[in-house]
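Student: I would like to learn how to read a protein surface that faces DNA, and then the cavities inside the protein. Please show me the model first.

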Amino acid sequence: MRDTLKNDLSCALLDWYDRHARKMPWRVGPADRAAGVIPDPYRVWLSEVMLQQTTVAAVRDYFTRFTVRWPTIQALAAAPDDQVMGEWAGLGYYARARNLLKCARVVTDQYDGVFPDTYDTLLKLPGIGPYTAAAISAIAFDRPETVLDGNVERVMARLYDIHDPLPGSKPLLNDKAAELTPTVRPGDYAQAVMDLGATICTPKSPTCGICPLRDPCQARAAGTQPDLPRKLPKKPKPTRFGHVYIAQRTDGALLLERRPDRGLLGGMLGWPGSDWSEVPVESPPFAADWQVLAGEVRHTFTHFHLILRIWTAPLPVDMALDDLIVMEKHAFRPSDLPTVMRKAHDLWRNR
DNA sequence: GATCCGTGGAT
DNA sequence: TATCCAAGGAT
């Protein structure tokens with residue numbers, strides 16, 4: 001009976017996916033896969049890391065730029081750190097980019113450039129956790145692993161009308177998802193559940209009327225689907241303040257810093273500045289007649305709001321400062337900056 | 001288990 | 001404007 005239900009559900013989902021799979025630059029669609037096209041594990045891995053907590057729309061252009069610039073994992077492994085961090089700038093969660101490079105170098109050096117295919121081996125690699133290990137194993141190698149991301153959590157919570165709040169209900173949701181994972185076409189199936197969650201079984205206003213699982217869905221029968229999955233309340237975000245300092249030489253060169261590898265915006269390029277706190281201390285990188293710009297930069301991170309004041313001064317010739325970078329005009333790209341630093345740059349340029 | 005870690009779009 | 005939240009991982 002359970003097998004029958006499982007087969008009905010997974011077949012309904014695969015059938016829906018065959019007809020409605022979204023096109024994505026990294027995806028080997030059901031028709032291509034059926035025709036024998038084998039996914040490139042490098043592209044599957046890169047896309048899955050980019051997609052961690054990030055929307056498909058935001059990832060698209062980044063994925064294209066990365067794969068044009070670094071078509072293979074060996075090419076990526078050989079890239080200088082600052083080029084990769086610059087290409088990742090704006091996408092957020094910069095630890096992903098640092099771990100991406102670590103992982104590329106491990107696979108290149110220790111696995112001869114060949115991605116491992118098992119969940120347990122993938123899980124040991126930098127930046128690959130339970131979700132991504134299962135996703136790569138299933139999507140790139142068509143192994144019957146169960147992916148559990150936000151989409152699958154939502155689909156399972158509704159399908160079985162589970163009211164226990166996340167994250168405590170995660171093991172139960174994982175059990176439900178694992179029960180449904182078929183041994184045939186597990187890669188397509190993993191993408192089918194996630195596509196369903198992303199397009200039909202959405203967080204708000206799910207379109208149950210056209211859902212391939214509308215009949216067996218227990219939440220829909222109970223009318224509870226808009227309230228699922230339940231989640232524990234989140235903490236409010238405090239507001240912090242800070243100062244940043246933009247100094248430019250008459251030839252256009254700029255004073256920048258490479259942020260330490262750990263912590264917020266780790267490894268990224270930025271403007272020197274104060275700590276970000278309730279009452280920041282003005283801390284210019286060198287003594288000068290600093291002028292504060294009109295306006296301010298407002299930015300919201302994962303766990304706090306930030307309001308920055310921007311100061312500017314001429315950068316003397318031959319100025320050299322510990323841990324700071326004098327970047328020539330031709331070498332500076334605003335797109336290499338994380339978004340909050342690019343906002344400061346834009347305010348300064350439009351002064 | 002709780003906290004930290006970005007960003008932009010939708011509502 | 002405020003909140004949610006998106007194909008999560010590391011510590």
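Tutor: Start with the DNA: 24 residues surround DNA strand C, and the closest are Gln 53, Gly 127, Thr 132, Asp 149 and Asn 151. A residue is near a molecule or strand if one of its heavy atoms lies within 4 Å of it. This is a predicted model, in which local features need pLDDT of at least 70 and side-chain atom pairs count only at pLDDT 80 or more, while totals for chains, interfaces and linings use all residues. Residues are numbered from 1 along each chain as its sequence is written, chains are lettered from A and ligands numbered from 1 in the order in which they are written, and side-chain values use heavy atoms, with hydrogens and water left out.

Student: Which parts of DNA strand C lie within 4 Å of the protein?

Tutor: Of the DNA atoms within that distance, 64% belong to sugar or phosphate and the rest to bases.

Student: How do I read individual polar contacts?

Tutor: A polar contact is a pair of N or O atoms within 3.5 Å; within protein, one must be able to donate a hydrogen and the other to accept it, and residues adjacent in sequence count only if both atoms are side-chain atoms. Here, the side chain of Arg 27 has an N or O atom 2.9 Å from a base nitrogen of DNA strand C. The elements giving two or more residues to the surface near DNA strand C are α9 (130-141), α10 (150-159) and α12 (186-199); helices are DSSP runs (H or I, at least four residues), numbered from the N terminus.

Student: How many cavities of 30 Å³ or more are there?

Tutor: A cavity is a set of points, on a 1 Å grid over the protein atoms alone, where a 1.4 Å probe fits but cannot get out; lining residues have an atom within 4 Å of a point. The count comes to two. The largest has a volume of about 120 Å³, and its lining has 13 residues, with Arg 158, Cys 201, Cys 208, Cys 211 and Cys 217 nearest its centre. The largest share of that lining, three residues, comes from α10.

Student: What lines the second largest cavity?

Tutor: The second largest cavity holds about 60 Å³ of space, and its lining includes Glu 145, Val 152, Met 156, Tyr 189 and Val 193. The largest share of this lining, three residues, comes from α12.

Technical notes. On a 1 Å grid over the protein atoms alone, a cavity is a set of points where a 1.4 Å probe fits but cannot get out, and a pocket is an open set with protein on both sides within 12 Å along at least five of seven lines; lining residues have an atom within 4 Å of a point. Grid points are joined across faces, edges and corners, and a volume is the space filled by probe spheres set on the points.
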